[in-house]
Structures are given as structure tokens and as C-alpha cells.
Amino acid sequence: MSTEQEPTTPRAELSQALPPEQPEQPEQPEVDDHAAALDELQDRWRRALADLDNLRKRHAKERDAVRNEERARTAAAWLPVVDNLDLALTHAGSDPSAVVEGVKAVRDQAVDVLRRLGYPRYEETGVPFEPAVHEVVATVDDPDAEPNAVVQVVRPGYGEGSRQLRPAAVMVSKRQE
């Protein structure tokens, strides 16, 4: 017998040194943990969506309630003005000068309502023109007025700053050359 061994390849040596391969099987407890965590996250996500939907609905109801309350408060502020206009119309046939005085009083009352609602009236003349609060409808040649000054208010403005209802329509003096 020969004492010589047959030559082996490196692959054969490696396969002899390692245990035979077995197909990997996933560990069942780890998969169950992941499935449970996924189920819990999906449940939390659904609850968060439901909470968000409920919050939107509640906010819409509250917004509508606040809007209705504000509309009612504003309408109630105008009721005395309407009452006084009705009173002026009932007395229209008796004394024309009294009607004019009554209409002026009602106008003053309406301006006061706007002021109390946060929209004061402004109709100043002699002030410098400001594009944010004035709308130029005409320019005039007035030697007594400063250039770009408001000479006449055609239509008063209401409000101030970001709460401006409308700018005042004004006539502005031209620059003197």
C-alpha cells in the first residue's frame, strides 16, 4: 500500500472542515415580535388619524360658533342706527330741517359704531399724502398747500393699519415748480 494521499483541492478541504450546511429557518419568536410591534403602530396611527379628524370637526364647529357670535354682535351694534333711520323717515313729512338734522345724527351714530368695531373714520386735510391710507382721485394746483399734501377729502377712509376697510379718496396738491 502506498502511503501517499490523494491531492485535495482547497474547496474539498474547506468542505471537510465545516459542518454540513443546513437551510436557515427564521426564528419564529422574532417574527412574532415584529408583527406585534407593527400591529401596535398601525393601531396608534389609526387612533391619531381619528383624533385629528375629531379635532378638525370640533375646530370647524367652534369657528362657526365664533363667526355667528361676531355677526350677531355686529348686527346688534347697527340696530340703533336702523331704528333712528326709521324714526327719521316717520318724521320726514313734518319739518324738512329736522329731517336733515336727524340724518346727520344718524350718520354720526353710524360712524361711532364703526369706530367701536375698530374702524375709525379719517378725513384729515393738510396732512402729507400716504399711499397706505389715501387714494388720489385728483391733483390740484394750490399755492397755499405744501406739495403732496391732502387738500380735500372726497370720500373718508375707515380703519387703520392692517384693519383698513378702505382708503380715503383725496385730492392732493401738485409739486410747485
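1. I'll start with a pair of charged side chains: aspartate 112 and arginine 115 meet in a salt bridge, 2.5 Å from N to O. Keep in mind that this is a predicted model. Both residues sit in helix α3, which covers residues 96–116. They are three residues apart, about one turn of the helix. As for cover, aspartate 112 is partly exposed at 29% relative accessible area, and arginine 115 is partly exposed too, at 47%.

2. Arg116 joins Asp112 and Arg115 in a network of salt bridges. As a reminder, side chains of opposite charge can pair when their charged atoms come close. Across the whole structure, a search turns up nine salt bridges.

3. Another of these bridges links arginine 107 to aspartate 108, with the closest N and O atoms 3.1 Å apart. Arginine 107 has a relative accessible area of 44%, so it is classed as partly exposed. Aspartate 108 comes out at 43% and is also partly exposed.

4. Then there is glutamate 123, which bridges to arginine 121 with the closest N and O atoms at 3.2 Å. Glutamate 123 is partly exposed, with 43% relative accessibility. Arginine 121 counts as partly exposed as well, at 26%.

5. Stepping back to the fold: the chain has three helices and five strands. Of the 177 residues, 14% count as buried. The chain exposes about 14600 Å², and carbon and sulfur atoms supply 54% of that. Among contacts with a separation of 6 or more, 61% are between residues 24 or more positions apart.

6. Now for the strands. Is serine 173 buried or exposed? Its relative accessibility is 1%, so it counts as buried, the cut-off being under 20%. Serine 173 belongs to strand β5, residues 168–173. Its side chain reaches the backbone oxygen of glutamate 146 at 2.4 Å. Leaving aside residues up to four places away in sequence, serine 173 touches Val140, Ala145, Glu146, Pro147, Asn148, Ala149 and Val151.

7. You'll find it in strand β2, which runs over residues 134–140. With a relative accessible area of 8%, histidine 134 is buried. Which residues does histidine 134 touch, not counting those up to four places away in sequence? They are Val127, Pro128, Phe129, Val150, Pro167, Ala168 and Val170. One of these, Ala168, falls within the residue range of strand β5 (168–173), and so does Val170.

8. Finally, back to the helical part. Trp45, Leu49, Leu52 and Leu55 make a nonpolar surface patch of about 390 Å². Tryptophan 45 lies in helix α2, residues 28–90. Its relative accessibility is 52%, and since exposed means over 50%, tryptophan 45 counts as exposed. When you have the model open, compare that with serine 173, which is buried at 1%, and histidine 134, buried at 8%.

Notes. Residues are numbered from 1 along each chain as its sequence is written. This is a predicted model: local features need pLDDT of at least 70, side-chain atom pairs count only at pLDDT 80 or more; totals for chains, interfaces and linings use all residues. Side-chain values use heavy atoms; hydrogens and water are left out. Helices (H or I, at least four residues) and strands (E, at least two) are DSSP runs, numbered from the N terminus. Buried means under 20% relative accessible area, exposed over 50%, partly exposed in between (1.4 Å probe, protein chains only). Contact means heavy atoms within 4.5 Å. Patches are made of residues with over 30% relative accessible area and no salt bridge: like charges are joined within 9 Å, nonpolar side chains (Val, Leu, Ile, Met, Phe, Trp, Tyr) within 5 Å. Accessible areas come from the Shrake-Rupley method with a 1.4 Å probe; for residues, only the protein chains shown count as cover. A salt bridge is a side-chain nitrogen of Lys or Arg within 4 Å of a carboxyl oxygen of Asp or Glu. A polar contact is a pair of N or O atoms within 3.5 Å; within protein, one must be able to donate a hydrogen and the other to accept it, and residues adjacent in sequence count only if both atoms are side-chain atoms.
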